[in-house]
Amino acid sequence: MEELCQKIAELAVTYELTQEFRAMFREREAQNLEEWLNKSTQCEVRELVSFARGIRRDEGAVRAGISLRWSNGAVEGEVNKLKLIKRAMYGRAKFELLRVRVLAA
């Protein structure tokens, strides 16, 4: 990875910024978000600029996701499981069977 980053400047910037972003979440340091957003929006990698702009639109939620220990991951998992079952049964059964399959799972 070091060799690639030395040869491709955009890759080096992308790698550095993504590692900083991961570290922010891992270490729960929401105070570094503003600095990271500034660096990301000023870089020349348009995908990172777009990502940073998206985070700015919902910055409060991202800050909460970084700093708070709570997560809605379990809820999202259950919703995903329900949608998977629903898609598999699409057009084949009514709500009663869907209910039974969800409760049985």
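A word on the model before we look around. This is a predicted model, in which local features need pLDDT of at least 70 and side-chain atom pairs count only at pLDDT 80 or more, while totals for chains, interfaces and linings use all residues. Residues are numbered from 1 along each chain as its sequence is written, and side-chain values use heavy atoms, with hydrogens and water left out.

Let's start with helices H2 and H3. When I say helix, I mean a DSSP run of H or I with at least four residues, numbered from the N terminus. The axes of H2 and H3 come within 11 Å and cross at roughly 160 degrees. Those axes are lines fitted to C-alpha atoms over the stretch in contact, and the angles run from 0 to 180 degrees between N-to-C directions. H2 and H3 are therefore roughly antiparallel; the cut-offs are under 35 degrees for roughly parallel, over 145 for roughly antiparallel, 65 to 115 for roughly perpendicular, and oblique for the rest. Their crossing is left-handed, meaning that the near helix is turned anticlockwise from the far one by less than a right angle; clockwise would be right-handed.

Who meets whom here? From H2 we have Leu17, Glu20, Phe21 and Met24, and they meet Leu33, Trp36, Lys39 and Ser40 of H3. Contact means heavy atoms within 4.5 Å. The residues of this contact divide into 5 nonpolar, 1 polar and 2 charged. For those classes, Ala, Val, Leu, Ile, Met, Phe, Trp, Tyr, Cys and Pro count as nonpolar, Asp, Glu, Lys and Arg as charged, and the others, Gly among them, as polar.

Now for the rings. The whole structure has 4 aromatic pairs. Rings of Phe, Tyr and Trp (its six-membered ring) pair if their centres lie within 6.5 Å, with planes under 30 degrees apart called stacked, over 60 edge-to-face, and the rest tilted. Phenylalanine 21 and tryptophan 36 make a tilted pair, 4.7 Å centre to centre with 40 degrees between the planes. Phenylalanine 21 sits in H2 (residues 9-27) and tryptophan 36 in H3 (residues 33-42), so this pair ties together parts that are 15 residues apart in sequence. Phe21, Phe25, Trp36 and Phe51 form one aromatic cluster.

Are those two paired residues buried or exposed? Phenylalanine 21 counts as buried at 16% relative accessibility, and tryptophan 36 counts as buried at 2%. Buried means under 20% relative accessible area, exposed over 50%, and partly exposed in between, using a 1.4 Å probe and protein chains only.

Staying in H3, serine 40 is buried at 0% relative accessibility. Leaving aside neighbours within four places in sequence, serine 40 touches Leu17, Leu48, Val49 and Ala52.

Next, the loop between H2 and H3, where arginine 28 lies. Its phi is near 55 degrees, a positive value in a residue other than glycine. Most residues other than glycine have a negative phi. Arginine 28 counts as partly exposed at 41% relative accessibility.

Last stop, helices H6 (residues 73-89) and H7 (residues 95-104), which pack at about 140 degrees with their axes 10 Å apart. That makes H6 oblique to H7, and the crossing is right-handed. H6 brings Leu82, Ile85, Lys86 and Met89 to the contact, and H7 brings Leu97, Leu98, Arg101 and Val102. The residues of this contact divide into 6 nonpolar, no polar and 2 charged.

Key. Helices (H or I, at least four residues) and strands (E, at least two) are DSSP runs, numbered from the N terminus.
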